[in-house]
Structure formats: structure tokens, C-alpha cells
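Have the sequence and the coordinates open as you read.

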Amino acid sequence: MLFVFPSCSNDEIKPIGSDVRLDTRPTVDQGGEKDLNKDGSQGAKDLHLASAESCGECHKAHYSDWKGSMHAYATTDPIYLAMLERGINDTQGKIDQFCIQCHAPIASKEGMTPIESLGDGRYGAKFDQSNPLVSGGVVCVTCHAMEKAEATLNAKFELSKTTYYAASANPRGQEEHPVETSTLLPSSVMCGTCHNVVNPKGALIENTFSEWYASPYNDGDADDKTCQDCHMPTYRGEIVDGVTTTIHKHQFVGVDVALVDFPQKVEQRRLVEELLGSAVELEIKRTNDQGDEIAIRVSLKNVNNGHALPSGSTSDRQVWVHLKVFNQADEIVFESGALDAQGDLKDRVEGHSLDPAGDPELLVFGSFLFDDNGEHVNFPWQAARSQDFLLQPGQVGWREYEISKTLVGGQKIRVEAAVNYRTFPPFIVRQLEEEGLLKIKLSDKIPIIKMAEKTITLTIP
Ligand code: HEC
Ligand code: HEC
Ligand code: HEC
Ligand code: HEC
Ligand code: HEC
């Protein structure tokens with residue numbers, strides 16, 4: 001299978017979006033246009049500076065969906081902010097706009113978030129959360145003013161200042177704002193401009209677009225699916241007050257839920273559980289016993305998913321199997337995938353858990369980051385390379401567990417397996433807490449979501 005990886009050198013970047021470039025665009029007369037920006041600034045203005053709130057005055061359903069989405073959370077996210085602060089100081093400010101260019105793309109491109117020296121060797125981002133283009137994160141105009149994608153990585157896109165874009169052939173709403181047809185807006189390339197991340201050292205730290213590009217969801221069949229097909233389902237709703245039509249959900253449900261007060265947390269959590277519940281097939285099977293050992297194979301298949309499981313910031317994400325085997329007296333005789341006293345998985349890496357070697361058969365998917373010296377690191381800017389243990393679309397991952405018959409003792413065993421998902425391992429969050437970068441304690445608040453579970457009973461010959 002062909003894998004297309006983004007590359008850091010300009011010569012090698014394959015502009016996957018080149019076929020959807022919009023080179024010719026009628027000029028739009030700005031004179032007398034309605035001022036969409038209700039956030040204080042005056043006069044005829046560049047359309048790409050509109051806040052989400054201004055769009056929301058008319059597009060209430062879209063605004064309300066988006067407001068509870070991770071796109072709206074992108075600069076509120078306390079873990080992101082803590083990592084950003086550390087990244088800025090680790091690099092004496094040299095990281096510059098690298099993180100912000102995707103998490104607050106409009107503000108960053110407009111120079112509203114400069115990195116400043118704070119004196120005594122410290123640096124910080126000028127992050128005015130009262131500016132809706134900063135606090136809004138990935139605001140409406142990011143996608144709706146995106147004119148051209150230069151490459152599917154690191155926010156390499158250009159914005160139009162004179163029009164918005166819609167996917168429909170004859171866009172409506174011309175009286176309220178200029179709006180033109182775009183083939184980029186409904187394509188995965190649009191999402192791919194941010195959902196592929198190459199850090200300044202050239203390490204591929206997020207690959208969602210590339211995974212999708214190489215997947216069966218993009219092989220030219222009738223069952224192909226774009227990012228939008230899965231993450232922006234259609235429904236009948238109001239595009240503006242009183243106009244009911246087929247529109248797209250803008251909640252961008254993935255795996256993450258806000259860890260601070262945030263709109264629609266309960267609804268997002270429900271949708272995340274639903275999505276994750278659809279993405280894996282779990283199987284427990286008895287294979288060939290070896291002498292005293294009962295052999296049990298637990299396998300999981302990545303299904304209904306346009307990219308790897310997990311995907312995105314995989315160095316934070318953990319998908320693992322929690323396996324428990326009980327004897328007839330209902331005592332646990334074997335366990336793998338249990339957490340240590342601090343909530344961490346015993347993933348064999350020194351420093352991650354209290355007992356690194358305590359779970360030699362742990363089956364976990366995610367990725368590890370390494371620095372130039374080959375040492376494990378926790379943060380994306382430190383990485384020189386990433387080692388991935390991911391399930392690509394349709395791929396099956398499995399492990400065989402051997403349970404001693406002597407230990408079981410009786411005639412029957414019960415095998416319980418669960419596949420769990422969590423967005424952050426506590427050890428990374430704890431590090432940010434201990435360094436004083438996270439002001440609130442979150443390391444014990446990361447939800448664990450059960451993707452699948454199964455129980456079988458076996459008779460021992
Ligand atoms: C003053 C009200 C108003 C504001 C503010 C507004 N819109 Fe619209 N917009 C409309 C109306 C009305 C329509 C057409 C609805 C219909 O008849 O289907 C529309 C249509 C659209 C469409 C769909 C066009 C199509 O036919 O597919 C898009 C996309 C859109 N607007 C984006 C935006 C964005 C992004 C913003 C903020 C930057 C915004 N709008 C702000 C009123 C507004
Ligand atoms: C066939 C449906 C499907 C398609 C196509 C699809 N996704 Fe997903 N997406 C899912 C499912 C299911 C999950 C939850 C499982 C997971 O995390 O992989 C998910 C999760 C995600 C996540 C969170 C990943 C994580 O583990 O942290 C992101 C980000 C995402 N999708 C973005 C995209 C983008 C961008 C595209 C297009 C390049 C895309 N998706 C295409 C179904 C899809
Ligand atoms: C991450 C990208 C993204 C963001 C952010 C985003 N949109 Fe959209 N929006 C889309 C895409 C893609 C479509 C078209 C889907 C299609 O037709 O295939 C769309 C469609 C629309 C439409 C046309 C009606 C419909 O639902 O199909 C309106 C109106 C709209 N968006 C308004 C908004 C508003 C208002 C915001 C901010 C509150 C916003 N969008 C934020 C990507 C985005
Ligand atoms: C300007 C950059 C940008 C673009 C363009 C963009 N995204 Fe995102 N997206 C982000 C960022 C940043 C986050 C993570 C925010 C956070 O949680 O801190 C995110 C989060 C998500 C999530 C939630 C992942 C989770 O962990 O739950 C999904 C799903 C998603 N995006 C889908 C899409 C789709 C689909 C498109 C295209 C229609 C798209 N994105 C376009 C930057 C972008
Ligand atoms: C090319 C765009 C891009 C760049 C550059 C980028 N990110 Fe992100 N970031 C994303 C996207 C897209 C996601 C969502 C992935 C997912 O959900 O798995 C994300 C997710 C995250 C998350 C997880 C959010 C959560 O709450 O689950 C953190 C933390 C984060 N980024 C921090 C950073 C830091 C720190 C930097 C700079 C070193 C950075 N990002 C640079 C696009 C980017």
C-alpha cells in the first residue's frame with residue numbers, strides 16, 4: 001500500500017490539493033458590504049477577520065454546534081496552553097507560531113499572537129483571550145474563507161479577504177455576504193492542511209490526513225468517504241432562522257471532550273462514546289494450548305474509521321486491552337492492562353509508571369516520541385522521530401495470552417476483555433502539573449472510554 005507522507009522540504013511536498021486549487025476568482029466589490037464583524041472594529045473590512053460570533057448571529061445552529069466542538073476549544077484547552085508555554089520556553093521563543101498556526105490560525109496569520117520576551121529569560125505568547133480570533137481557535141472563516149491549500153501539513157493554506165466559500169453549486173446568501181462555490185471546502189484536503197503535523201525537527205507527529213489518503217476510503221470506489229462524510233453528518237435543520245434545508249453538523253466529534261467548563265460537554269461526551277463504540281471489533285478466541293498453558297487470543301480490528309486508531313496526537317492517545325481471567329471461585333488468575341496507583345499503564349518505559357515491567361503482555365496502541373539521542377520524550381517539539389503502534393483502517397492487532405492451568409485449578413474460566421480509549425496518559429499531565437504549568441489538577445480527570453467489551457467462558461479439558 002502506498003503511503004504518502006508529508007515532507008519538510010519544499011521541493012518534496014506533494015501538493016495533494018493542487019487539483020482543487022481555485023486560481024480564478026471573480027473580484028468582489030467591498031463597497032457597501034455589510035460589516036459582518038460585530039466585535040468592535042470599524043469600517044469595510046477583510047472578510048476573513050469575522051468572528052464566529054458574528055456568523056452565529058444568523059447561522060445559529062452552526063454556531064451552537066461549533067461552540068461545543070474541539071475546534072472552538074483549541075485555544076481554551078488547558079493542556080494545550082500548558083504545553084505551548086513549555087514549548088515556548090524550552091526553545092527560547094524559537095518555536096514561534098508553530099503551534100498557534102493551527103490552534104488559532106487566523107490570529108496567528110494576522111500577527112495577533114507574537115511571542116514576547118517576558119524578561120529574566122522567560123518567554124510567552126501574547127494571547128489576548130478577549131480577541132475572538134484568539135479565543136475562538138479554529139473559527140468559521142478558517143474553513144469558509146480558505147481559498148487555496150498549498151500542502152496538506154502545517155496550516156499551509158491561504159485565505160480570501162473578499163469572499164466566503166460554500167460547497168453548493170449556487171451558493172445562497174449573497175445579500176448577506178459574498179459567497180462562492182469551492183471544491184476545496186468539501187474535500188479532505190481542506191482538513192488535511194492541519195490534520196498532518198510535521199514538527200520543526202522534521203518528525204511526523206500527526207498523520208491523520210496521510211493515513212486517510214492511503215486508506216480504502218480514498219481508493220476511488222463508490223464507498224469512499226471524506227473527513228466531512230464521517231465528521232460532519234447531514235440533517236434537516238435551519239441554515240438561518242426560518243429556512244429549513246439539509247445542513248451539516250458542525251460538532252466535529254472525535255475522541256476528545258473538554259476538561260474545563262465548556263458548552264455541550266454532556267452531548268459531546270455521548271457522541272464521542274458513540275463514535276468510539278463503532279470503531280473497533282473485539283474478538284476473544286481460544287487457540288492451541290501449549291502443555292500447561294491455555295492460549296487465548298484477543299484481537300481488535302479498526303473498523304468504520306477513515307484513518308488509524310488512534311490517530312492525530314497519537315503520542316498522547318492510548319488504546320489498550322484490559323484483560324481479566326477469573327477461575328471458578330471468581331478470583332482473578334491473570335490480568336493485563338490494569339492501571340498503577342497513579343492511573344498509568346505499565347507500558348515498559350522507565351518513568352511512565354510506578355512499575356514499568358509489571359505488565360509484560362500489555363497490548364497498547366499509540367506512539368512514542370524520541371529525541372536526537374534516542375531518549376523517550378513527552379512533548380511534540382522535542383521529538384526527532386516518532387515510533388508508531390497504530391491500527392490502520394481495516395487492520396487487526398492481536399496478542400496471545402498464556403494462562404497456566406495449574407494456576408486456574410478448576411474446570412472453567414471466565415475471560416473478560418475490554419478495549420479502552422483515553423486522550424492523555426496521566427504521567428504527561430502530571431509532569432505539567434508538577435512544573436506549575438497546569439494551574440488545575442487534571443491528571444486524575446482524563447476519562448477512560450470503553451470502546452468494546454466481551455466475556456467468554458471456557459472449559460478446561
Ligand atoms: C446577516 C446574516 C448572516 C451573517 C452574519 C452570515 N450569514 Fe451566511 N448566510 C446568510 C443567509 C441568509 C444565507 C442563505 C440561506 C439560505 O437561503 O439557504 C447564508 C448562507 C451561507 C452559506 C451557505 C451558502 C450555500 O448556499 O451553500 C455559508 C457557507 C455561509 N452563509 C457562511 C457564513 C459565514 C462563514 C459567516 C460568518 C463569517 C456568515 N455566513 C455570516 C446570512 C448570514
Ligand atoms: C469512515 C469514517 C471516518 C473518516 C472518513 C474519517 N474519520 Fe476521523 N474518526 C472516525 C472515527 C470512528 C474516529 C474515532 C476513532 C479514532 O480515534 O481513530 C475518528 C477520530 C478522529 C480524530 C481523533 C483521533 C484521535 O484518536 O485522537 C480526528 C482528529 C479525526 N478523526 C479527523 C479526521 C480527518 C481530518 C479525516 C479526513 C482526513 C477523517 N477524520 C476521516 C471516523 C472517520
Ligand atoms: C473545520 C472547518 C469548518 C469550520 C470551522 C466551520 N465550517 Fe461550516 N462548513 C464546513 C464544510 C466542509 C461545509 C460543507 C460541507 C459540504 O457541503 O460538503 C460547511 C457548511 C456550512 C454551511 C452551509 C450549510 C451546511 O451546513 O451545509 C454554513 C451556513 C456553515 N458551514 C456555517 C458555518 C459557521 C457559521 C461556522 C462557525 C460557527 C462554521 N461553518 C465553521 C466546514 C467548516
Ligand atoms: C486550521 C486548522 C484546522 C483545520 C483546517 C481543521 N482542523 Fe480539525 N482540529 C484542529 C485542531 C487544532 C484540533 C484540536 C483542538 C484541541 O483539542 O486542542 C482539531 C480537532 C478536530 C477534531 C476533534 C479531535 C478529537 O480529538 O476529538 C475533529 C474530529 C476534527 N478536528 C475534524 C476536522 C475536519 C473534518 C476538518 C475539515 C472539515 C478539520 N478538522 C479541519 C485544527 C484544524
Ligand atoms: C499542523 C497543525 C498543528 C500544529 C502545528 C500543532 N497542532 Fe496540536 N493539534 C492539531 C490537531 C489537528 C489536533 C487534533 C488531533 C487529535 O485530536 O488527535 C491537535 C491536538 C493537540 C493536542 C491535544 C488536544 C486535546 O485536548 O486532546 C495538544 C495538547 C496539542 N495539539 C498541542 C500542540 C502543541 C503544544 C503544538 C506545538 C508544539 C501543536 N499542538 C502544534 C494540529 C496542530
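The shell around ligand 5 takes at least three residues from each of domain 1 (46–267) and domain 2 (272–459). Keep in mind that this is a predicted model. In it, 25 residues surround ligand 5, and the closest are Met-83, Cys-99, Cys-102, Asp-256 and Gly-312. Helix H4 (78–90) and helix H5 (100–103) are the elements that give two or more residues to this shell.

Which helix makes the largest contribution around ligand 5? That is H4, with five residues. By class, the shell around ligand 5 holds 12 nonpolar, nine polar and four charged residues.

## Ligand 3

Turn now to ligand 3, which has 23 residues around it; Cys-140, Cys-143, Ala-167, Pro-186 and Ile-247 come nearest. At least two residues of this shell come from each of helix H1 (52–56), helix H2 (60–67), helix H8 (140–144) and strand S10 (243–248). H8 gives the most, with four residues.

The shell around ligand 3 has no charged residues; its members are 14 nonpolar and nine polar residues.

## Where the domains meet

The protein is divided into domain 1 (46–267) and domain 2 (272–459), and their centres, taken over C-alpha atoms, are 31 Å apart. Across the boundary, 31 residues of domain 1 are in contact with 31 residues of domain 2. On the domain 1 side, H4, strand S8 (204–206), helix H10 (208–213) and helix H11 (227–231) each supply at least two residues.

H4 gives the most to that side of domain 1, with eight residues. The residues of domain 1 that touch domain 2 divide into 18 nonpolar, five polar and eight charged.

## Backbone details to look at

Most residues other than glycine have a negative phi, and most peptide bonds are trans. With that in mind, look at the cis peptide bond joining Leu-309 and Pro-310, where omega is about -15 degrees. Pro-310 sits in the loop between strand S12 (293–302) and strand S13 (318–326).

Asp-330 is not a glycine, yet has a positive phi of about 65 degrees. This residue is found in the loop between S13 and strand S14 (332–336). Arg-348, also not a glycine, has a positive phi of about 80 degrees and lies in the loop between S14 and strand S15 (364–370). Are these two residues buried or exposed? Asp-330 counts as exposed because 7 other C-beta atoms lie within 10 Å, whereas Arg-348, with 14 within 10 Å, is partly exposed.

Notes: Residues numbered from 1 in each chain as written. Chains lettered and ligands numbered in written order. Predicted model: local features only at pLDDT ≥ 70, side-chain atom pairs only at ≥ 80, totals over all residues. Near = placed C-beta within 6 Å. Nonpolar A, V, L, I, M, F, W, Y, C, P; charged D, E, K, R; others polar. Domains from an automatic or database assignment. Contact = placed C-beta atoms within 7 Å. Buried ≥ 20, exposed ≤ 12 C-beta atoms within 10 Å, placed from the backbone.
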